Amino acid sequence: MKVFINPGHHVILDSGAVNPVTGDREVDVVIECAKLVEKYLLAAGVDCTVGQYNELYEICDASNAYDADLFVSIHCNACASHQARGTETYYKSFNGQRFANYIQSQIIRSLPVTDRGVKEGNLYVLKHTEAVAVLVELAFIDNPEDLALLKNRIDDFARAIARGVTDYEIA
Ligand SMILES: [Zn+2]
């Protein structure tokens, strides 16, 4: 089992969503999370790698070249009102839905986040990766309560994602 972990966006070229008050950037949060997921998966004996690229096709090419069985793209959400909160996980395929359910359940179980559910999404990285693929939106970086979770409990998000991977692997 090989897992490709993709923190969304790009440190220099694309910050992703930004909290308008604090300046916290999605790209920094998701890199930290991805590195922790890698650490926990390696500790569990799961082969994995972290890859971040500015272009969506580069992400897919890298995952496919790695011959990944599972693909996880990690993002933070944002919303014009700055009021929205919660976690949601996107999938495209049948097995992707199963994988998304494991990750979503683990996050909901370990953190006081709003459960926005798993959703089918026609997203580029889900369509063009050969692996069973999901995209998880950890929480809303532009909401103060969600941002506090992202800053103070990113380790719990990462552990939950890693457990979602091993749940899928075992099932
Ligand atoms: Zn994003």
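In what order do the strands of the open sheet stand, and what is the sense of their pairing? The open sheet has six strands in the order β2-β1-β3-β6-β4-β5, and the pairing is mixed.

Before the tour begins, two notes on the model are in order. Residues are numbered from 1 along each chain as its sequence is written. This is a predicted model, in which local features need pLDDT of at least 70 and side-chain atom pairs count only at pLDDT 80 or more, while totals for chains, interfaces and linings use all residues; side-chain values use heavy atoms, with hydrogens and water left out.

**Stop 1: the sheet**

Please select the six strands β2, β1, β3, β6, β4 and β5. Strands (E, at least two residues) and helices (H or I, at least four residues) are DSSP runs, numbered from the N terminus. Two strands pair if DSSP finds at least two bridges between them. The edges are taken by β2 and β5 (115-120), each of which has a single partner strand, so one side of each is left without a neighbour in the sheet. On average, neighbouring strands of this sheet are turned by 20° against each other, direction ignored. Axes are lines fitted to C-alpha atoms, for helices over the stretch in contact, and angles run from 0 to 180 degrees between N-to-C directions.

**Stop 2**

Next, select residues 70-77, which make up strand β3. Eight of the eight residues of β3 are buried, where buried means under 20% relative accessible area, exposed over 50% and partly exposed in between (1.4 Å probe, protein chains only). In a regular strand the side chains alternate between the two faces of the sheet. In β3, Leu70, Val72, Ile74 and Cys76 point one way, and Phe71, Ser73, His75 and Asn77 point the other way.

Val3 stands opposite Leu70 in β3, and the bridge partner of Pro7 in β3 is Ile74.

**Stop 3: strand β6**

Select residues 132-140, strand β6, which pairs with β3 in the parallel sense over seven bridges. Val72 has Val134 as its bridge partner in β6, and His75 has Glu137. Nine of the nine residues of β6 are buried, so the strand is largely enclosed by the rest of the structure.

Strand β4 (residues 87-91) also pairs with β6, in the antiparallel sense over four bridges. Here Tyr91 stands opposite Val134 in β6.

**Stop 4: the aromatic rings**

How many aromatic pairs does the model hold? The count comes to four aromatic pairs. Rings of Phe, Tyr and Trp (its six-membered ring) pair if their centres lie within 6.5 Å; planes under 30 degrees apart count as stacked, over 60 as edge-to-face and the rest as tilted.

Select Phe99 and Tyr168, which form a tilted pair at 5.2 Å centre to centre, with 55° between the planes. Phe99 lies in helix α3 (residues 94-110) and Tyr168 in helix α6 (residues 154-170), so this pair ties together parts that are 69 residues apart in sequence. Phe99 is buried at 0% relative accessibility, and Tyr168 is buried with a relative accessible area of 9%. Tyr168 also forms an edge-to-face pair with Tyr102, at 6.5 Å centre to centre and 85° between the planes. This pair links Tyr102 in helix α3 to Tyr168 in helix α6, 66 residues apart. Tyr102 counts as partly exposed, at 24% relative accessibility.

Elsewhere, select Phe4, Tyr66 and Phe71, which form one aromatic cluster. Lys2 lies over the face of Tyr66, at 4.4 Å from the ring centre; a charge sits over a ring if NZ of Lys or CZ of Arg is within 6 Å of the ring centre and within 35 degrees of the ring normal.

**Stop 5: the loop with Tyr53**

To finish, select Tyr53 in the loop between β2 (47-50) and α2 (56-66). Tyr53 is partly exposed, with a relative accessible area of 31%. From Tyr53 to Cys79 the separation is 26 residues in sequence and 24 Å in space, C-alpha to C-alpha.
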